[in-house]
6 protein chains.
Amino acid sequence: MRPRVPTGIHGLDELIGGGFEKGKAYLVTGETGTGKTIFSLQFLLNGISKGEPGIYATMDQNPQHIIEDGASLGWNIEKYIDSEEFIFLDATPQLKSEESSFNYGSFFSELNTYTRILGGRRVVLDPIVPFAGRYKKYIDIRENVRKIIKTFESNSCTTLITTEIPPGSQSLSTLGVEELFVHGIIVLGLQEQANRFSRTLLVRKMRGTEIELSYQTFTIKPKEGIIITGPLIYE
Amino acid sequence: MRPRVPTGIHGLDELIGGGFEKGKAYLVTGETGTGKTIFSLQFLLNGISKGEPGIYATMDQNPQHIIEDGASLGWNIEKYIDSEEFIFLDATPQLKSEESSFNYGSFFSELNTYTRILGGRRVVLDPIVPFAGRYKKYIDIRENVRKIIKTFESNSCTTLITTEIPPGSQSLSTLGVEELFVHGIIVLGLQEQANRFSRTLLVRKMRGTEIELSYQTFTIKPKEGIIITGPLIYE
Amino acid sequence: MRPRVPTGIHGLDELIGGGFEKGKAYLVTGETGTGKTIFSLQFLLNGISKGEPGIYATMDQNPQHIIEDGASLGWNIEKYIDSEEFIFLDATPQLKSEESSFNYGSFFSELNTYTRILGGRRVVLDPIVPFAGRYKKYIDIRENVRKIIKTFESNSCTTLITTEIPPGSQSLSTLGVEELFVHGIIVLGLQEQANRFSRTLLVRKMRGTEIELSYQTFTIKPKEGIIITGPLIYE
Amino acid sequence: MRPRVPTGIHGLDELIGGGFEKGKAYLVTGETGTGKTIFSLQFLLNGISKGEPGIYATMDQNPQHIIEDGASLGWNIEKYIDSEEFIFLDATPQLKSEESSFNYGSFFSELNTYTRILGGRRVVLDPIVPFAGRYKKYIDIRENVRKIIKTFESNSCTTLITTEIPPGSQSLSTLGVEELFVHGIIVLGLQEQANRFSRTLLVRKMRGTEIELSYQTFTIKPKEGIIITGPLIYE
Amino acid sequence: MRPRVPTGIHGLDELIGGGFEKGKAYLVTGETGTGKTIFSLQFLLNGISKGEPGIYATMDQNPQHIIEDGASLGWNIEKYIDSEEFIFLDATPQLKSEESSFNYGSFFSELNTYTRILGGRRVVLDPIVPFAGRYKKYIDIRENVRKIIKTFESNSCTTLITTEIPPGSQSLSTLGVEELFVHGIIVLGLQEQANRFSRTLLVRKMRGTEIELSYQTFTIKPKEGIIITGPLIYE
Amino acid sequence: MRPRVPTGIHGLDELIGGGFEKGKAYLVTGETGTGKTIFSLQFLLNGISKGEPGIYATMDQNPQHIIEDGASLGWNIEKYIDSEEFIFLDATPQLKSEESSFNYGSFFSELNTYTRILGGRRVVLDPIVPFAGRYKKYIDIRENVRKIIKTFESNSCTTLITTEIPPGSQSLSTLGVEELFVHGIIVLGLQEQANRFSRTLLVRKMRGTEIELSYQTFTIKPKEGIIITGPLIYE
């Protein structure tokens, strides 16, 4: 049995057999504004608190904004960037501006370097879409997502990938394939009951682990971040 | 923590931690006729009332009509145009008529100039679609929207972008990507109950801010504009 | 404030602040058979009864049929055609038969000429689709609709445009963009309750005007045409 | 006012002001198996019983099968074909087998000849799709349908066109445009209530005519054909 | 009136005026696993029991599997193949492996030969899709299906064609056109009521025949095959 | 009658006449995370426990992960790999990286070799999509799936194929054709009742076998794997 990596989300490890399996990839998915970036930060900061540096790789997100979003929750990400425990990897420069091609080789070699030298054991890819969606055919997008996830796993990273559920869709992802190659899927959502929205979390898939299949509600608190508060109750 | 910029919408600042964060981009979305342009004007005029000039950039809207729509609410936009506090930036001339190409460079350089020289701190882009929708592939439209928003943020503008929800759709935008790169999303709508329509506002996402997740109703009053009147009640 | 132009629809002006705003464009939309052409004729004939000639521009409709449809309601359109108060402008000859290209220049120059010389102040474009739908890309159709409406407005015409809602769709138009550039939208419909259909009218959007947001029922009577009979009541 | 042409459908003329308007085009639409061909035959045979020959133009239907379907209802179509009162016009030979092009000129010239020489006053086109659907772009299919209908009308034929509603769709036609250019629309259907299907007829649109807007039920009886039995009652 | 051919399905002939009309084509449609192949076999075996050989043409199905499926119901198809009463016609060899083109000429000439020499009077095409779906444009697929059915009818075969309804769709066929050219349509299905599935049969269309329009339930019994057990009752 | 191969799923053989038919292909389908891989492993291990080696062919799955997923259920797959009873066949090397072409010949020749030499009698293809989805046209994908299944059957393998149902879809497969060529279909799912999810299994199709058509619930237990616990009860 592989060792488990705690997720850092209060109340989640109990639901998934103690945490994520070390060296495997997990998907955090949900519509816009459901808490995917907070989940990702909490996961990395949990590792740092245990002396384990982490990498936050992105192609969309403004580092300064991530830092500020963390700050609004009382998290001092800047400090960990300075101490090289939180490694922000911005892939935007590898994107050639005119055409929609992307220098994967260069980006992943940089990612590999960091993973090895700095001992980064947790990796976040938030979101995966701009890396994987540059193909036309379903089968090529599918293959591309598979390769990206395989690259992370072959580096023994415990990896958290995010993707966006288009509003109103019943799909689990933007490209329709992100869910196929990961070891587990966590769906974040908003459910309305009579004009009251609850934030919900569902462990939708977790290979090799017995899971509790029901929607959990959660709140977001300063310093703590996401705290699971128990199963959703229908009124 | 960044300073907050009041939205000018009566009752909204209380719901979003005091206003928008300075220098970030927000999306106001909704079906046609739900109040997006009134929201945008109210936001700019609030700035002007505090001595802060603003820019209203568009490619679709007739300046004279905007002025008249304001006048119908008792707002004297013309006066502020004369005093160069309300800067109307019409991008239509940069659009080459025959092909669907657009001279972005020229438009954004003009926008930059105004932003710097006149000290424009609030910017409205109403709507973003004609600037961003000139590509075929999802990934290119996505990239283009990201660049436009990044340009505004790198100029430290507090930016309000509008987009249209196609009638009957559960999406949050015309292109399906406008919501991904903004700091917050405000959804305007119409909800019918037994042939009575209520105007509604939902703060759908607000990074770094604890929000009240419920539909608010609002009215539009002369001089005042949009006034939030409390949570929607289902009958 | 712009002067208001009465719509000619009995009971409508009261719902929209006295009529349409002079020189602006409005959309009348609805599924086939909901009364869009009757609405259009009634609008033009109201102008003629006030000594104001009007133009009815089309690319689809057979002039003789329009005359007969009017006659079935007791309207003598032929008389007004003879007196050059009702100007029927058929754009079909400008349509090249083999390819789907259309000589816009020639049509709009003819339209301009009539508008100026004959003092035509009200214009109907019934429907806009064959003029605007000759492009493949969403952004080009969008741009084209914008230009057509702008042309009318720059000639100070109070313009009524019609478009068709595909049966069963929740959209507001055939092309999905006609609603974006107009000053107001009136939706005509049929609502069934236990095998009784009511004809309904909804003022969906009316810039610069406080409106009553509820479905109105209407009947069609000889001589009078469309008469609004009050709000729809759900049984 | 144009003279009215009786439809031949028992109970229908009363609902539409005495019959179809002479020289105009009408659409009979419905899912497969709802009675469109019986409706068409009944319309032509009604004319023949009044000494008025009719044309049945098709590209799909086997003449022998049409004759037999009529025979199963006790209608002797063969007799009228021999007497040249029922003119069966099969357009299949004009269809070039290899490519999907069709010799419209040849077919319509043959149609014209028959219309003039034999005094054919009623025409059926059952169905219109194979004549009109040979284009890719919406705007071209739309234009093509318009031209076909115009051709019939310019020959003063009272024309009945059929089209198919795809099962489960809320559309009114196969191509989505057949309904736009006709003077009236009759929708045939099947409605299930607790495993009992009723055959229904709805007059959906009838220009220049006040109509009863409600679903009618009908039965099909030997010799008589379609007989309207009164409004549908919901149980 | 054409003679009727019994269907072999217990209880069906009574619902459709005595059987299928000789020399015409019928469609048996339904989702996967609803009994289309059993229906087809039962139809052919009924003919054989009356001394009338039949042809089973396919491009997908493994002859050995068909034999075994029959055997599981106690039907000895092999015996009839040996006696040349059950003619299995496998079109797979006519399919060129590399490209998706198919040698129609060769297949239909073989089919013609068998039909004439062996006196085959009943033909099954199970399913029609791989023969007809090799085109891109709707109008070409439509034309192709029409030609295949016409070929069978011109050979005076009483023909049973099967097609697949995509799961969850309200359509009647895979290609959306199979239903247009046949003389009758029988829909097989599964209806769930509180986790009990009933097998259902609906005669959806039957030209020239008065039919009972309601869902029938059926069971599948050894030796007997499909037995209609009466109308479906909603609980 | 063919001999039956036990499925290994506790409680399933009773529902399908004793097991799968030897030498035929079956589809296990369901959304992500519904138990398809556990089903596949259980099927192969059941064979091994009876002295019958099996092949697990894939193009997506990491062998190490499959081993670990089995280990988490207490299954020692590694031992059977060493004893060459569990043959893991990874097709990834046959996939050319740059283009989306795949060396089918090489893969299937390897598969054939193993099937013959090692006496592999049970084969799993988990999932079929990357092997079959490399075409654009529906008819080509359809043909390709047919060929793959035929290859297995001509080798007398009892074959289990998996495919993915896109979340929220009513389809039975990713490509829409996997279900057409198999002998039986088993649908795995998750059904929610008031925030309690049940794992369900439905035998949707089983040629030549009388089946119980109702949703069964199941649990997943260490050592045992999937255990059917009885019909789903709606609350």
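In what order do the nine strands of the open sheet in chain D lie?

Modeller: The model is a predicted one. In chain D, the order of the nine strands is β5-β4-β6-β7-β3-β8-β9-β10-β11, and the sheet they form is open, with mixed pairing. Its edges are formed by β5 (86-90) and β11 (225-231) of chain D, each of which pairs on one side only. From one strand to the next, the twist averages 25°.

As background, strands of a sheet pair through backbone hydrogen bonds, and the pairing may be parallel or antiparallel. Strands β3 (residues 25-30) and β8 (residues 184-193) of chain D run parallel and are joined by five bridges. Within this pair, Ile185(D) of β8(D) is the residue that stands opposite Leu27(D).

Helices also pack on the sheet. Helix α1 (residues 36-49) of chain D touches several strands, including β3, β6 (122-125) and β8 of chain D, and the direction of α1 makes about 165° with that of β6(D). Helix α4 (residues 104-117) of chain D touches β4 and β5 of chain D, and the direction of α4 makes about 170° with that of β5(D).

Finally, chain D may be set beside another chain. Chain C is superposed on chain D by a rotation of 60°, with 0.0 Å of shift along the axis and an RMSD of 0.0 Å. The two copies are therefore related as by a six-fold rotation axis. In chain C, the C-alpha nearest that axis belongs to Ser169(C) and lies 10 Å from it.

How values were computed: Residues numbered from 1 in each chain as written. Chains lettered and ligands numbered in written order. Predicted model: local features only at pLDDT ≥ 70, side-chain atom pairs only at ≥ 80, totals over all residues. Heavy atoms only, no water. Pairing = 2+ DSSP bridges. Helix = DSSP H or I, 4+ residues; strand = E, 2+ residues; numbered from the N terminus. Axes fitted to C-alpha atoms, helices over the stretch in contact; angles between N-to-C directions. Contact = heavy atoms within 4.5 Å. Least-squares fit on C-alpha atoms with pLDDT ≥ 70 in both.
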